[in-house]
Amino acid sequence: MTVYEKAVIRISEAPVQALIEKDATLKKLITHLGDIEIDIRPYYFKSLVRSIVGQQISFPAAEAVFSRVVELTGHDFTVDKVAQLSDEALLDVGLSRAKVKYTRDLIRCIQSGELDLERLDSLDDQTVLKQLTQVKGIGKWTAEMYLIFTLRRPNILAVDDVALQRVVEWLYQVDRDSRKRVLKEKKALWSPYLSYASFYLWETLSLDLLKYRDLDEAIENRNL
């Protein structure tokens, strides 16, 4: 069992078509990119532990450390199995002391009933954010990513996400000081499909389109 599964966002889907109708600049980007593939994290507990492991380290490093944690559980990654691992074992595979502490607090919250992961799917977005951020080591951004990629909520925009801000700066040709404000302003326009807009912005970064001066230059060069 891996953390990720593939999902396809199709340009023909109603949320994507709604974004195309609302925003001419985003329409040009979406039309150019077409269908895109995203990585989702459907496993509730595993997704949160992976987020904790990945804090402040590179993606490859996080993947390596997390895979070693999974191996410690015998690939049976449950709350009880991880709870049985010693602090020393977790430290030995690369977790910091802070991340061990955060993982323990997550387990404590789940086992005590303070956090019911199975029930989160039935709660509204703000309640999920509130419950998750009560766990040590889970901040607003991590909770927002959980809403988007694990619970698959359609209307989440992480305005503090630097990657999204960078793409908005490039796509809408605004200066760095304005990019977060512009991203916030887009919330009303893109709602109720903020997550779908985010998928296309992240894909822009993944494809390294920001190396071009603007979207027109990117399209011209990619169509050669």
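Before anything else I needed a cut-off: buried means under 20% relative accessible area, exposed means over 50%, and partly exposed is what falls in between. I also noted that this is a predicted model.

**Entry 1: glutamate 114**

I looked up glutamate 114 and got a relative accessible area of 48%. Because that value falls between 20% and 50%, glutamate 114 counts as partly exposed. I found glutamate 114 in the loop between helix 7 (97–112) and helix 8 (117–120).

Which residues does glutamate 114 touch, not counting those up to four places away in sequence? I got Arg108, Cys109 and Gln131. I then checked glutamine 131, which is 17 residues away from glutamate 114 along the chain; their C-alpha atoms are separated by 8.4 Å. For side chains, I noted a polar contact of 3.3 Å between glutamate 114 and serine 112.

**Entry 2: aspartate 161**

Next I went to aspartate 161, in the loop between helix 10 (140–149) and helix 11 (162–171). Is aspartate 161 buried or exposed? I have it down as buried, and without a salt bridge. The nearest side chain of opposite charge belongs to arginine 166, and I got 8.7 Å for that distance.

What does the side chain of aspartate 161 meet by polar contact? One partner is the side chain of tryptophan 141, at 2.8 Å. Another is the side chain of tryptophan 202, at 3.5 Å. Both tryptophans turned up again when I listed what aspartate 161 touches beyond four places in sequence: Trp141, Met145 and Trp202.

Then I went through the exceptions I had noted.

Glutamine 56 has a positive phi, near 65°. I placed glutamine 56 in the loop between helix 3 (44–53) and helix 4 (59–72). Its relative accessibility is 84%, and the cut-off for exposed is over 50%, so glutamine 56 counts as exposed.

Glutamine 173 also has a positive phi, near 50°. That residue sits in the loop between helix 11 and helix 12.

Where did I find a cis peptide bond? One joins serine 191 and proline 192, with omega at about 10°. Proline 192 lies in the loop between helix 12 (179–190) and helix 13 (194–206).

**Entry 3: the whole chain**

I stepped back and counted secondary structure: the chain has 14 helices and 2 strands. I got a radius of gyration of 19 Å, close to the 17 Å from the globule rule for 224 residues, so the chain is as compact as a globular protein of that length. Along its principal axes, the C-alpha trace spans about 55 × 35 × 35 Å.

How many of the 224 residues count as buried? I wrote down 47%. I also looked at contacts with a separation of 6 or more: 67% of them come from residues 24 or more positions apart.

**Entry 4: the record**

Last, I checked UniProt. The entry is unreviewed, and its annotation "domain: HhH-GPD" covers residues 53–215. In the model, that span is 61% helix and 0% strand, and its end C-alpha atoms lie 35 Å apart.

How values were computed
Residues numbered from 1 in each chain as written. Predicted model: local features only at pLDDT ≥ 70, side-chain atom pairs only at ≥ 80, totals over all residues. Heavy atoms only, no water. Helix = DSSP H or I, 4+ residues; strand = E, 2+ residues; numbered from the N terminus. Buried < 20%, exposed > 50% of the residue type's maximum accessible area, 1.4 Å probe, protein only. Contact = heavy atoms within 4.5 Å. Polar contact = N/O pair within 3.5 Å; in protein donor to acceptor, adjacent residues only side chain to side chain. Lys, Arg positive; Asp, Glu negative; His and termini not counted. Salt bridge = Lys/Arg side-chain N within 4 Å of Asp/Glu carboxyl O. UniProt positions renumbered as here; feature names shortened; annotations may be inferred. Rg over C-alpha atoms; globule rule 2.2 N^0.38 Å.
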